[in-house]
Each structure stands twice: as structure tokens, then as C-alpha cells.
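Please walk through the fold of this protein chain.

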Amino acid sequence: MHGEFMAFVMDDESVLTLRIWTTKQGYPPATVQLAGPDLFAQMLEASAPPKLSVVDIDGLDSPVATVARLTGLCGPESKMIVIGSANDVSLYRQILGAGALDYLVKPLTDNLLNQSMAAALRGISLGKPNAKECRIIVMIGARGGVGASTIAINVGWLLAHELSLTGALLDLDLQFGTSSLALDLEPGHGLRDIVNSPHRVDSLMIASSMVAESELFSVLGAEEAVDEFIQTDSSAISALLKEMKNNLDFIIVDLPRHQIPGQKRLLASAHEIVLITELSLAGIRDTLRIKTALKNLDCTATVTIVVSRIGASRLGQLDQAAFEKGAQAKIDYTIPDDPKTIAGCANTGKALGAVARTAPVTKTMLTLAQKLSGQTEEDPKNPKKGGSFWQKLSGGEKSSDKKSAAPPNPKGGS
């Protein structure tokens with residue numbers, strides 16, 4: 001996948017026209033593929049999306065749904081131009097509503113391409129350089145029982161309550177997740193529908209499934225029946241994050257390790273990946289295996305290694321030097337073992353920062369939260385202008401990215 005431009009078109013004439021255009025722009029011929037959206041979607045499972053893409057929808061039974069799926073996989077930073085033979089204003093509006101930047105009617109011409117591509121490139125270069133991007137933070141436990149969910153819950157709480165950031169915790173363990181239970185919240189009832197229906201994801205659906213812990217922090221989790229198989233669609237997760245991130249400073253995703261193969265797009269789009277492990281031979285093995293998997297997926301996220309539950313009461317632990325040598329990774333943070341404090345918080349449904357603010361385990365998690373927030377020591381920690389997730393999604397705060405102007409008529413090649 002070329003990082004700047006890719007095209008997937010299904011007729012020889014369009015391929016020729018686009019290759020002439022790409023040659024003039026300095027892109028290699030292979031950026032234009034004689035293929036359809038299926039190849040693009042397949043490549044997106046293993047590679048980051050290009051900044052600009054062209055996709056042919058001719059012959060598709062559900063072109064709008066296909067475009068919506070692809071834009072969800074690509075994310076908001078990637079621009080997509082759709083081409084087809086149908087000169088239909090209704091289709092044009094639906095294509096734009098699905099997230100595409102433009103719709104061009106065949107046959108393509110140099111002038112038509114230049115106008116549309118120039119507008120797309122201006123949109124990329126004239127983005128909001130000063131706007132703070134929502135940070136996607138993925139937490140993965142290398143072993144069961146290492147406290148990954150505890151860290152995810154408490155780091156999220158600290159980001160909101162101590163650093164005044166607006167955020168959410170997405171718990172992808174739909175059957176055994178503890179995010180709602182740990183904060184004494186009633187779990188929502190819509191996450192299962194969301195992860196199964198990428199084309200139905202919208203702000204109201206998310207808001208109805210989200211449970212607010214406070215004005216700044218919300219939880220999206222579930223407690224589904226343990227005797228049912230639940231399919232998690234990677235494109236649904238991408239669409240979910242795309243919708244959520246417009247209104248948040250951070251999203252923490254508690255990702256069970258067995259879901260790593262199915263969530264390649266999530267891992268590729270993450271800013272931070274936190275790998276929680278333990279000082280044991282099994283911890284070394286699984287840390288090394290997951291690090292290798294992330295490398296094979298070409299993840300660009302910063303990987304932070306956290307070792308939890310360190311203390312004299314933990315018999316048989318390896319020393320740090322032996323672990324780092326075996327796992328071929330430096331330990332970034334060590335979470336001290338404090339079972340009494342953690343159990344007390346869990347039993348009362350409170351976060352560590354709410355009842356044990358000065359405890360060493362809380363202080364270490366706050367340091368980790370500061371690092372994951374992307375804030376520097378010079379950044380002022382002033383509270384941000386408030387507003388709950390529900391208020392923002394319901395229109396309390398309108399996104400500056402929304403366009404009120406009606407779209408122009410479809411452009412044709414004739």
C-alpha cells in the first residue's frame with residue numbers, strides 16, 4: 001500500500017487515464033490497480049490507509065454500504081474519491097453521506113481528475129494542524145490475571161479526573177469484561193449490536209450504549225451470555241472509533257489478547273499500545289510473541305511495556321534484567337503489588353484515584369496516564385470546557401467539521 005495514493009478501478013480505460021495522471025504526479029504505476037473494493041479492503045487489513053484513494057463502485061450490489069465500510073476502515077484522516085458510471089444525484093448524495101470526499105462519473109478525463117484531486121489534496125494539507133487528535137490507547141494483557149483491565153479502568157479514570165481530558169473506555173470482552181462492574185455502573189445494552197453491524201453505527205446508537213461515570217469519562221461495555229458465540233467485526237470497531245473520536249480526547253480500548261488477529265485495523269490505527277505482563281517465564285514468552293505479532297502487523301503505535309503486581313509477596317518472580325533480556329524489551333513501568341487497596345476499590349466500585357490517591361500503585365498509574373496522554377510537563381493542566389459524551393453527540397456541542405452547505409451536482413466526464 002502506497003502511503004500517499006492508491007486507486008482500485010475495474011475498467012481498462014480508467015486504469016490508463018489514472019496511470020497517466022499518477023505518472024505526472026510522480027507516483028509509481030502500481031498505485032493504480034485493476035481491481036475493485038475487495039482488494040482495497042483486504043490490503044487495509046495489513047497496511048495503513050493511503051492519504052488519498054480512488055475506488056470504483058461499478059457493478060456492486062450495495063455501493064453505498066461498501067463505501068461506508070471502506071471509509072470506516074480508512075479513518076477520518078484518509079480521503080476517498082469514488083468513481084462509477086451512474087449519473088445519479090441521489091447516489092451522489094448517499095456516497096458523500098457514507099464518508100467519501102467526491103463522486104466522479106466515468107469516463108474520467110485529465111481535467112476532471114485534476115479538479116477533484118486538487119480539492120482532495122488541499123483538504124489534506126489544509127487540515128487542522130492545531131487541533132488535538134483523539135488518542136487511541138490499546139491495552140493488552142500478555143497473560144491472564146496480570147491486571148490489564150484494572151490498569152485500563154484506572155488509567156482512564158485518571159486521564160479524565162486528574163488531567164481533565166474527555167474520554168471513554170471501550171471494553172471488548174463482551175462476556176467477562178469488568179469495566180462497568182469495577183466502577184459500580186450498570187452495563188449498557190447496545191455494544192453487541194454495534195460490533196456486529198458496521199453499517200448501523202451512528203452517534204445515537206453509541207450514546208444509547210454508553211454509560212457515563214462522570215461528565216468527562218464514560219464506559220462502553222457489556223455482560224453478554226457466556227453460552228453464546230459473539231462475532232466482533234473489525235470494520236465495526238473502526239466505524240465505532242471513527243464516530244467516537246470526533247468528540248473525545250482519548251479512547252482506551254481493553255483488548256483481550258485472543259482478539260489480536262481479528263483487530264489488525266484497530267492496532268494499526270492506535271497511537272499507544274500498552275502491553276501488560278508479569279515477571280515469569282510465561283510472561284517473557286507471551287510478551288515476545290505479542291511484540292513480534294505487532295511488528296508483523298506494521299503497527300506504528302508506541303508500545304509501552306508494563307509489568308504489574310511487583311512486590312516481595314510475589315514469590316518466584318524473575319528479576320528485571322532477566323526479563324528484559326528474554327523478552328528483548330525494556331520495561332517502561334512497574335506497577336507495585338497492593339492487593340488490599342485494589343480489592344477494596346473493586347469491592348466498593350470506586351477507582352483507585354477516588355479512594356487511594358496517594359497510594360504508590362495510584363501514583364504509578366498516574367505517571368503512566370500522563371505519558372499516554374501525550375501531554376508534556378509544560379502543558380497546562382487546566383480543566384477543559386465540559387460537556388458529557390451524550391451532550392456532544394446529541395448536539396450540545398457541534399463539530400466544526402460538519403458542513404452545512406448542500407453538495408454540488410455530480411460531475412460527469414462529458
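Is Phe 217 buried or exposed? Phe 217 has a relative accessible area of 0% and so counts as buried, where buried means under 20%, exposed over 50% and partly exposed in between, with a 1.4 Å probe and protein chains only. The model is predicted, so local features need pLDDT of at least 70 and side-chain atom pairs count only at pLDDT 80 or more, whereas totals for chains, interfaces and linings use all residues. Residues are numbered from 1 along each chain as its sequence is written, and side-chain values use heavy atoms, with hydrogens and water left out.

The ring of Phe 217 is stacked with that of Phe 250, since the centres are 6.3 Å apart and the planes make 25°. Rings of Phe, Tyr and Trp (for Trp, the six-membered ring) pair if their centres lie within 6.5 Å; planes under 30 degrees apart count as stacked, over 60 as edge-to-face and the rest as tilted. Phe 217 belongs to strand β9 (residues 217–220) and Phe 250 to strand β10 (residues 250–254), so the pair ties together parts 33 residues apart in sequence. Helices (H or I, at least four residues) and strands (E, at least two) are DSSP runs, numbered from the N terminus. Phe 250 is buried as well, at 2% relative accessibility.

Ser 218 is also in strand β9, and its relative accessibility of 4% makes it buried. The C-alpha atom of Ser 218 is 9.1 Å from that of Trp 157, and the two residues are 61 apart along the chain.

The count of aromatic pairs is three. One of them joins Phe 8 and Phe 40, stacked at 4.6 Å centre to centre with 20° between the planes. This pair links distant parts of the chain, with Phe 8 in strand β1 (residues 5–9) and Phe 40 in helix α2 (residues 37–44), 32 residues apart. Phe 8 is buried at 0% relative accessible area, and Phe 40 is buried at 0% too.

Next comes the sheet. Eight strands form an open sheet of mixed pairing, ordered β8-β9-β7-β10-β6-β11-β12-β13; two strands pair if DSSP finds at least two bridges between them. Strands β8 (211–212) and β13 (333–336) are at the edges with a single partner strand each, so one side of each lacks a neighbour in the sheet. Strand β12 (residues 302–310) runs parallel to β13 and is joined to it by three bridges. Within that pairing, Val 306 has Tyr 333 of β13 as its bridge partner. Helix α16 (residues 360–373) packs on the sheet and touches β6 (135–141), β11 (272–277), β12 and β13, its direction making about 150° with that of β13. Contact here means heavy atoms within 4.5 Å, and axes are lines fitted to C-alpha atoms, for helices over the stretch in contact, with angles from 0 to 180 degrees between N-to-C directions.

The largest nonpolar core has 41 residues, among which Val 138, Ile 140, Met 244, Leu 266, Leu 267 and Ile 273 touch the most other members. Such a core is a set of buried Ala, Val, Leu, Ile, Met, Phe, Trp, Tyr and Cys residues joined through side-chain atoms within 4.5 Å. Helix α10 (residues 234–244) gives the most to this core, five residues. A second, separate core of 38 residues includes Val 146, Leu 169, Val 274 and Leu 352.

Over the chain, there are 17 helices and 13 strands. Of the 414 residues, 49% are buried.
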